[in-house]
Each structure stands twice: as structure tokens, then as C-alpha cells.
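This report describes selected features of one protein chain. The sequence and structure are shown first.

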Amino acid sequence: MTTKNPNYITPQGLEKLKERYHHLMNTERPKIVEIVSWAAGNGDRSENGDYIYGRKKMREIDRELSWLSRRLKVARVVDPSAVEDRSKVWFGATVTIADEDDNQRQVALVGEDEADASQGRISWKSPLARALRGAALGDLRIVRLPAGEKEWEVIEIGYPDPTSK
């Protein structure tokens, strides 16, 4: 990943990635290795379901560990509580927006690896986040989506309190 396209992540998001990596490496993988070793000692591996399933599961875990390792290596931590210009929407901001019908929605701009739309956490690279970046209170932003354009007004901008660490 190049510096032109950094993998921004919040400190909490980085911690979750690290926790997942350590859980897989120190808990899940050793369990599967033990099962595969036990199953391998039971004879014919071609018809041994525990062996076959265990090897498949181990490959899945190794793939995820590899992905997590790459993501952790290129992560650039941005602490939203340290943002100086809190009057505009930047990475880590929690923003309340309203559409033409005054339907309100609250979203937080976070890294790609920690986005969860069902929790209101959207990737800073998403169309909505791109439209909101740099917006101030009262600004109107048009978001271009596959279903068409939608206009949103920024009605509140918040950042974590720097003293709440």
C-alpha cells in the first residue's frame, strides 16, 4: 500500500485488529494444530474428516493471519481526539446529518478495517464520507450513489474528548 492511499485507522480499530491477530495466533491456530496432529495419527488421511476439516480450517486461519499482518504493517494510526480543527469533518469525526425530509443520521468516519455501517461507522473512503470531509456546520453536501444523488446537511460535528483516554 502506498502513502498516497494510507490505511488510516483509529487507535481503537488498531487494537481490535491486534486482538484478532493474537486470538487467532495464540488460541485458534494451536487448537486446530492439535486436532490435525491427533487426526493425522489415526491412519488414512484421505477419509479422515477431522484431518481434512482441520487442514482446511488451518488454511483459513493462516490466510486471515496473513491479511491481518499486512493490514497492521501499513496501518497509520490517527487519533480523532487529537484533531485540532474540530469545526470541520475529518477522519474520526462523528457527524449528524439530515436529508431534505429532515431524516437524521449519525455516522463516524473510520478506517476501512473498522467500518460497520450497521453501527454507523463508515469507511473514510465511502462516497458519503468523501462528500462530508472538510464540511462545516450547516454545509450542504451532495452524495452520488448508485441509486442517485442525495443532499445532506451537516447539523452536528463531534470528536472524542482528548482527556477521555
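Helices (H or I, at least four residues) and strands (E, at least two) are DSSP runs, numbered from the N terminus. The structure is a predicted model, in which local features need pLDDT of at least 70 and side-chain atom pairs count only at pLDDT 80 or more, while totals for chains, interfaces and linings use all residues. Residues are numbered from 1 along each chain as its sequence is written, and side-chain values use heavy atoms, with hydrogens and water left out.

**Confidence**

The predictor's confidence in each residue is expressed as pLDDT, from 0 to 100. For the chain the mean pLDDT is 91, with 95% of the residues at 70 or more.

Two packed helices are described by the angle between their axes and the distance between the axes. Here, axes are lines fitted to C-alpha atoms, for helices over the stretch in contact, and angles run from 0 to 180 degrees between N-to-C directions. Helix 1 (residues 11-40) and helix 2 (residues 49-74) have axes that come within 9 Å and cross at roughly 155°. The two helices are therefore roughly antiparallel to each other (angles under 35 degrees count as roughly parallel, over 145 as roughly antiparallel, 65 to 115 as roughly perpendicular and the rest as oblique). The residues of the contact of helix 1 with helix 2 comprise 18 nonpolar, two polar and 10 charged. In this division Ala, Val, Leu, Ile, Met, Phe, Trp, Tyr, Cys and Pro count as nonpolar, Asp, Glu, Lys and Arg as charged, and the others, Gly among them, as polar.

**Individual residues**

Relative accessible area is classed as buried under 20%, exposed over 50% and partly exposed in between (1.4 Å probe, protein chains only).

| Residue | Relative accessible area | Class |
|---|---|---|
| Ser69 | 29% | partly exposed |
| Asp102 | 54% | exposed |
| Glu149 | 55% | exposed |

Ser69 lies in helix 2. Its C-alpha atom is 27 Å from that of Val83, a residue 14 positions apart in sequence.

Asp102 is located in the loop between strand 3 and strand 4 (104-110). Although Asp102 is not a glycine, its phi is positive, at about 65°.

Glu149 belongs to strand 7 (residues 148-158). Apart from neighbours within four places in sequence, Glu149 is in contact (heavy atoms within 4.5 Å) with Ile142, Val143 and Arg144. Between the C-alpha atoms of Glu149 and Lys18, 131 residues apart along the chain, the separation is 38 Å.
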